[in-house]
Amino acid sequence: MRVRVRVPATSANLGPGFDVLGLALALHNEMDFEESEGVAVSIEGEGAGRLATGADNVVVKGARMAFQAAGRPWRGVRLRCVNRIPPSRGLGSSAAAWVGGLVGGNALCGAPLDRDALLTLAARAEGHPDNVTAALLGGLTVSCWAGDRVAAASLPVPADLSWVVLVPEAEGSTAEARAALPEGYSRADAVFNLQRVSLLVAALATGRSDLLGVAMEDRLHQPYRAKLFPWLAGVILAAVRAGALACALSGAGPSVLAVAQGPGEGVGRAMEEALRRAGLAGRALALATDTTGARVEQAAGQGAPET
Ligand code: HSE
């Protein structure tokens with residue numbers, strides 16, 4: 001049995017929604033799975049030559065986890081990955097690997113696990129639910145732990161908004177970026193973020209893009225992480241001056257996410273230029289929203305696609 005899975009990149013937080021909001025972006029990793037005796041992995045594109053190609057490959061671990069959860073014996077998998085999501089940049093490459101592995105493994109088993117079960121397994125593996133929820137469901141997602149399960153919903157994003165992602169030529173460590181955060185916050189900062197994350201969801205749901213500049217401000221993570229990325233304030237300023245409605249660190253960084261009305265021409269160039277002035281190279285990508293999330297695509301000789 002063979003299946004092909006396509007999983008989107010994701011940007012978490014969108015400013016104030018730390019560990020809550022996720023956005024699926026139209027930049028995909030593709031994975032072909034075939035049951036086999038033992039594990040064989042080939043990787044093309046991003047991370048080739050660096051990512052693990054044995055049983056410790058994260059996609060393989062996800063597939064194996066699906067087999068275990070389904071109560072099916074695990075023999076191994078032949079896996080071919082075509083990666084387009086840059087790793088360690090705050091664009092959900094690790095979430096895509098867990099979700100892709102779980103969805104592919106589930107499909108090989110005949111899809112006994114439903115989406116909620118896959119989501120909970122992925123969030124447990126990743127450690128926080130925001131990226132894996134967006135990777136699995138697509139769109140703009142809101143997620144939280146509810147006991148030992150994840151409660152989540154996906155919202156459509158206004159079609160006239162475009163996302164510009166600046167990807168620096170430098171990797172970030174999520175663990176380091178989480179370690180930079182304080183243990184606690186003042187009530188004023190908690191209220192500041194509650195107001196903004198609620199406003200952000202309401203603004204996107206009602207098409208009030210004029211509110212995004214305020215709604216994407218944050219006091220829970222970005223001010224602390226800015227110390228790791230001293231060029232961040234300059235890039236955000238350049239994006240807004242070039243016409244972006246708002247701009248924030250993507251996940252734990254170092255990528256930066258800007259939102260623009262219409263195609264956002266010039267925003268990406270301005271962000272690249274601001275980064276370059278700070279002595280760092282990077283490329284800007286204009287990406288649409290991925291509205292479907294991870295998908296099982298028809299593989300040769302197989303039946304209809306199913307998530
Ligand atoms: N919400 C997580 C964080 C996302 O900001 O640490 C990590 O990609």
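In the hairpin of strand 5 and strand 6, which residue takes a positive phi?

Guide: The model is a predicted one, and the residue in question is Gly-147, with a positive phi near 65°. Two residues lie between the strands of this hairpin. Strand 5 covers residues 140-146 and strand 6 covers residues 149-155; the two are antiparallel and are paired by seven bridges. Within this pairing, Cys-144 has Ala-151 of strand 6 as its bridge partner.

A second hairpin, formed by strand 8 and strand 9, can be described in the same terms. Strand 8 (residues 246-249) and strand 9 (residues 256-261) run antiparallel and are joined by four bridges. Ala-248 is bridged to Leu-257 in strand 9. Six residues stand between these strands, and Gly-251 has a positive phi near 55° in this hairpin.

The helices may be considered next. Helix 3 (residues 115-126) and helix 4 (residues 130-137) have axes that come within 8 Å and cross at roughly 145°, in a right-handed crossing. On helix 3 the contact involves Arg-115, Leu-118, Leu-119, Ala-122, Ala-123 and Glu-126, which meet Val-132, Thr-133, Leu-136 and Leu-137 in helix 4. Sorted by class, this contact comprises seven nonpolar, one polar and two charged residues.

Helix 3 also packs against helix 2 (residues 93-108): their axes come within 10 Å and cross at roughly 140°, and this crossing is right-handed. Helix 2 contributes Ser-94, Ala-95, Trp-98, Val-99, Leu-102, Val-103 and Asn-106, while helix 3 contributes Leu-118, Leu-121, Ala-122, Ala-125 and Glu-126. Here the classes are nine nonpolar, two polar and one charged.

Contact between them involves 26 residues of domain 1 and 35 residues of domain 2. Together the domains bury about 2,200 Å², of which 64% is on carbon and sulfur atoms. On the domain 1 side, Pro-16, Phe-18 and Arg-89 lose the most area to domain 2, together 29% of what that side buries.

Terms used: Residues are numbered from 1 along each chain as its sequence is written. This is a predicted model: local features need pLDDT of at least 70, side-chain atom pairs count only at pLDDT 80 or more; totals for chains, interfaces and linings use all residues. Side-chain values use heavy atoms; hydrogens and water are left out. Axes are lines fitted to C-alpha atoms, for helices over the stretch in contact, and angles run from 0 to 180 degrees between N-to-C directions. A crossing is left-handed if the near helix is turned anticlockwise from the far one by less than a right angle, and right-handed if clockwise. Contact means heavy atoms within 4.5 Å. Ala, Val, Leu, Ile, Met, Phe, Trp, Tyr, Cys and Pro count as nonpolar, Asp, Glu, Lys and Arg as charged, and the others, Gly among them, as polar. Two strands pair if DSSP finds at least two bridges between them. Buried area is the accessible area (1.4 Å probe) that two parts lose on being put together, summed over both.
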